[in-house]
Amino acid sequence: MGLDEILTASVFASAIRLATPYIFAALGETFAQRSGVLNLGVDGMMLMGAFTGFYAVHLAQQGETLSEPASLLLGVAVALVVGALMGLAMAFVSVTLKAKQGISGIGVYLFGLGLSELLFQQWVGTPKSVNGFPRIEFPLLTDLPIVGEIFFHHNLLVYVAFALVPISAYVLNSTTFGLMIRAVGQNPEAADAMGVSVARVRYATTTIGGMLAGLAGASLSIALINLFQQNLTAGQGFIAVALVYFGGWRPWTVAAGAMLFSFVNALQLQIKVIGADIPSEFAVMAPYVITIIALVFATKRHEQPTALTKPYERGE
Amino acid sequence: MNKASGNSQLALAGRLNRLIDFAPVLIALLLALLVASVLLLALNANPLEAYDFMLKGAVGSENATAETLVKATPILFVGIGITIAFRGGMINIGGEGQMIVGALAGVTIALVMGEMRIPPELAKERGAFDVFIVACSLVGGFLAGALYGGLAGFLKAYFDVNEILSTIMLNQIAVQMMNFLLNGILLDPAEAGFNNIPKTARLVTAAQLPRLSLPIGDPHLFDRTRLHWGLIIAIALAVVIYIFLWRTSWGYRIRAVGENQRASSYAGINVRRQMMFSMFLAGGFAGLAGVVQVLGLQYRLQTDGSPAGFTGAAGFNGIVAALFGGLNPLGAIPAAAFFGGLLVGAQKMQRELGVPASLITAVNGLIVVFVVSSEIFIIQRSKRRVSLQETPEGLDEAEETG
């Protein structure tokens, strides 16, 4: 078993695909955390987005009421809306009611886990597949050796996820909205004094985070795996939260962390495929062990938004 | 005379206040049930009928009640641990993993010691040796879970690794560790080469925790049910931890760190040590939950390979019970019984009405959200109460500060 057997082009390609839901969810979480809200319910929001997006596509394709592309866009829209609603709920709980964010997030997670499973069992029953986002064929590029397989052989949502990285970085670093987000997360008193509504900004970022979590779920159920089953995400939303810490709350490094994590995962799958003499349990375990080690050595902790998890009380 | 009546009035007011403090929890429950009713209606089920089946399924018969208590036992163990962690300011989401690690250690000890032969001259000490096996397994399970929880505490204390994230990762790692061991050295020899269903050999009777029946009626109450001594151990430990948290200086230090780290540090408390200690204890109780499931109920460690395959999600439900019990070990007792009943009752509902039992997971989530959301009202009330005490002259002033 040589390195060339493990490090094939398909491993890099699958690392890019696997990173997609992490990038969506972690970018959304970055917005929320930069404004001071720790949304731990990401996994539950992903599950709800995954199920509702899947179900919309399933219904549309079954009834043949919509063309395939239209049904997929409908699925994305539904996942975005459901994610936004859950984000709004999370914002209401943590901003307006000032609930402890670590714990309320676990509640949101359990709610999404239970509800998505309930609706799935009631409305669908057994795992069924849908025709998900097809791979895009680029003229010439897709046929390039190696490079074509790695970069130009993915579905639309993969490219959307990667395109969101520079967009998020730009919004956070170079727009007024981004400045408001950072101010509210770093020094809410000062932001308030400058006339920025702390609550409104946090509502906005948590809702954006919810939308992207919903989209992350849909990217699994209608683009990468093309089916839904109970607990489809298997804790990916929690990894996404860890990636935000690991990436030091910056879109580029957060995305880099997602790529690293997915690369380890892709390697793990490849090692299983070629039947290497490593117990598969250790391979599955590896990304989690690496995440913990990465959190131990993450050096950018001083960049943590000062007001993270702290509800804002005016005039204290 | 006047003073006495004033005192009794004060006492009454205090009791009333405590009742009102408990009200948000009940309101949270009612709200969650309300949302659940809407869900049931949306699924074309009659909520009243559903709740009736749940009630019957949970406490409708002797066996149903026993099953409720059986389900409540691991939830109570985990809930006690979560209470300690949360009181110490540590958000322990690692109950699942700590349960698994505790069960792995406990079952290994029980299997090995169960095979031991005692010398013939000591044959009459057999009973004592059996108790010793069980005790060693329980202690081993506690310690394993405690070290696993303590690891997250250590990472938090010395490397500032967020304990929520580390415990979630440790959960996944524990599941894989269990799958590895159950497919390998712990695999039941009878399974090896045949079905390879991941489970250990069955424990010998000597290593089992006995069934429990209450000497009421004939036959005795809970005779021939699956109720076991784990419940009694859990309730006894809930009392012990209540005393520990509120009547000892160790417990005081944990709570002080949970209330205000900086102040505790100025007061000379070693904050890092307390963080590790509360996570150590929390993990230990989750470990006990795991080993008691094996010794008292399943008599072997088995899983379907999924994350909740062995634990039945008790590591998460324990969090819900701890919150619902007001982060008080004694409150966790009825809370765990309640959630045990919810889970058992939901299975009956699923059988009778075809409504998936996963409804309960969603309801549990809602209860968590509503309970933590209601804290703002408790805080506002207690602030008002403090200012009332400070300015006994009149309400007007108090209202201004509140």
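**Exercise 1. Which domains does the domain assignment of chain B give?**

Solution. The assignment, automatic or from a database, gives domain 1 (1-45 + 360-402) and domain 2 (67-354) in chain B. The model is predicted: local features need pLDDT of at least 70, side-chain atom pairs count only at pLDDT 80 or more, and totals for chains, interfaces and linings use all residues. Residues are numbered from 1 along each chain as its sequence is written, chains are lettered from A in the order in which they are written, and side-chain values use heavy atoms, with hydrogens and water left out.

**Exercise 2. Describe the interface of domain 1 and domain 2 of chain B.**

Solution. 

Step 1, contact (heavy atoms within 4.5 Å). In chain B, 9 residues of domain 1 touch 10 residues of domain 2.

Step 2, buried area (the accessible area, with a 1.4 Å probe, that two parts lose on being put together, summed over both). The two domains of chain B bury about 970 Å² between them, and 86% of it lies on carbon and sulfur atoms. Of the area that domain 1 buries here, 44% is supplied by B:Ile360, B:Asn364 and B:Val368, more than by any other three residues.

Step 4, helices (DSSP runs of H or I, at least four residues, numbered from the N terminus). On the side of domain 1 of chain B that touches domain 2, helix 1 (2-42) and helix 13 (359-390) each supply at least two residues. Helix 13 of chain B gives the most, with 6 residues.

**Exercise 3. Describe the interface of chain A and chain B.**

Solution. 

Step 1, contact. Chain A brings 46 residues and chain B brings 42 residues.

Step 2, buried area. Chain A and chain B bury about 3,800 Å² between them, with 79% of it on carbon and sulfur atoms. On the side of chain A, the residues losing the most area to chain B are A:Ile103, A:Leu118 and A:Glu281, together 16% of what that side buries.

Step 3, pairs. The count of salt bridges between chain A and chain B is 0.

Step 4, helices. Helix 4 (68-96), helix 5 (101-123), helix 11 (236-246) and helix 13 (280-297) of chain A each supply at least two residues of the side that touches chain B. Helix 5 of chain A gives the most to this side, with 18 residues.

Definitions and conventions. A salt bridge is a side-chain nitrogen of Lys or Arg within 4 Å of a carboxyl oxygen of Asp or Glu.
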